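Subject: Structure handover

Hi,

Here is the structure I promised to pass on. Please open it alongside this note.

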Amino acid sequence: MPTTIQTDTVLTALHRLGHATNLELHEATADQLPQLGLTSLHRITARMVERGEIRLAPSDGRQVVLDARPDAHDHFVCTVCGGILDITLPDSTIAMIQGQLGRNLVRDGIVVRGRCERCGPLGAGNSAPSQ
């Protein structure tokens, strides 16, 4: 399927960022695509998800986060800042989880949630996020 300059630019930016919202992609491509509106960008990324070129990343549910990697893989999501990191869980961990879940585990990526190094542990001068 042929691609456009806009699609190629957006995909390149997403690969550079790894995980991003449409707004972050819009900001990252503004110099190269100054005429590209946020609605058009959303249409571009929605088509890319439909075609399997990118996928949706796990998030806090308040915003859609895009993932440059279309393959199934594991993630760490910070419960404070919402940052997302790709991780690789060892086969022994997957086997242990599978043993507890039986046939319920679908190997489409496991999400581990916690506090990232930047946000730090509770009690270290940090407070829980306000809602």
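Below is what I found in it, from the overall layout down to single side-chain pairs.

Overall layout

Keep in mind that this is a predicted model. The protein chain has four helices and six strands. Along the sequence they follow the pattern α-β-α-α-β-β-β-β-α-β. Of the 131 residues in the chain, 32% are buried. The accessible surface is about 8600 Å², and carbon and sulfur atoms account for 53% of that. Take the contacts between residues at least 6 apart in sequence: 46% of them join residues at least 24 apart.

Helix 3

Helix 3 covers residues 38-50, 13 residues in total. From first C-alpha to last it reaches 18 Å, close to the 18 Å expected at 1.5 Å a residue. Its buried residues include Leu41, Ile44, Thr45 and Met48. Viewed down the helix axis, the buried residues fall within an arc of 90°, so they line one face of helix 3. What does the buried set of helix 3 pack against? The partners are helix 1 (5-17), helix 2 (22-29) and strand 3 (65-67). Just after helix 3, Gly52 takes a positive phi of about 80°.

Strands 1, 2 and 3

Three strands form an open sheet in the order 1-3-2, with antiparallel pairing. Strand 1 (19-20) and strand 2 (55-57) are the edges, each pairing on one side only. Strand 2 and strand 3 are joined by three bridges. There, Arg55 has Asp67 of strand 3 as its bridge partner.

Strand 4 spans residues 74-78, and five of its five residues are buried. Both faces are covered. Asp74, Phe76 and Cys78 lie on one side, His75 and Val77 on the other. Strand 4 runs antiparallel to strand 5 (residues 84-87), with four bridges between them. Asp74 stands opposite Ile87 of strand 5. The hairpin has five residues between these two strands, and Gly82 takes a positive phi near 80° in it. With strand 6 (residues 111-114), strand 4 pairs in the parallel sense, again over four bridges. In that pairing Cys78 faces Gly114.

Salt bridges

How many salt bridges are there? The count comes to four.

- Arg51 and Glu53: the closest N and O atoms are 2.5 Å apart. Arg51 is partly exposed at 32% relative accessible area, and Glu53 is partly exposed at 26%.
- Asp108 and Arg55: the N to O distance is 2.9 Å. This pair links distant parts of the chain, 53 residues apart: Asp108 sits in the loop between helix 4 (91-101) and strand 6, Arg55 in strand 2. Asp108 is partly exposed at 43% relative accessibility. Arg55, at 18%, counts as buried, because the cut-off for buried is under 20%.
- Arg69 and Asp86: the closest N and O atoms are 3.6 Å apart. Arg69 is in the loop between strand 3 and strand 4, Asp86 in strand 5, 17 residues apart. Arg69 is partly exposed at 32% relative accessibility, and Asp86 is partly exposed at 33%. Shared partners join Arg69, Asp71 and Asp86 into one salt-bridge network.

Best wishes

Methods: Residues are numbered from 1 along each chain as its sequence is written. This is a predicted model: local features need pLDDT of at least 70, side-chain atom pairs count only at pLDDT 80 or more; totals for chains, interfaces and linings use all residues. Side-chain values use heavy atoms; hydrogens and water are left out. Buried means under 20% relative accessible area, exposed over 50%, partly exposed in between (1.4 Å probe, protein chains only). Two strands pair if DSSP finds at least two bridges between them. The expected span of a helix is 1.5 Å times one less than its number of residues. The arc is that of the directions from the helix axis to the C-beta atoms. Contact means heavy atoms within 4.5 Å. Accessible areas come from the Shrake-Rupley method with a 1.4 Å probe; for residues, only the protein chains shown count as cover. A salt bridge is a side-chain nitrogen of Lys or Arg within 4 Å of a carboxyl oxygen of Asp or Glu.
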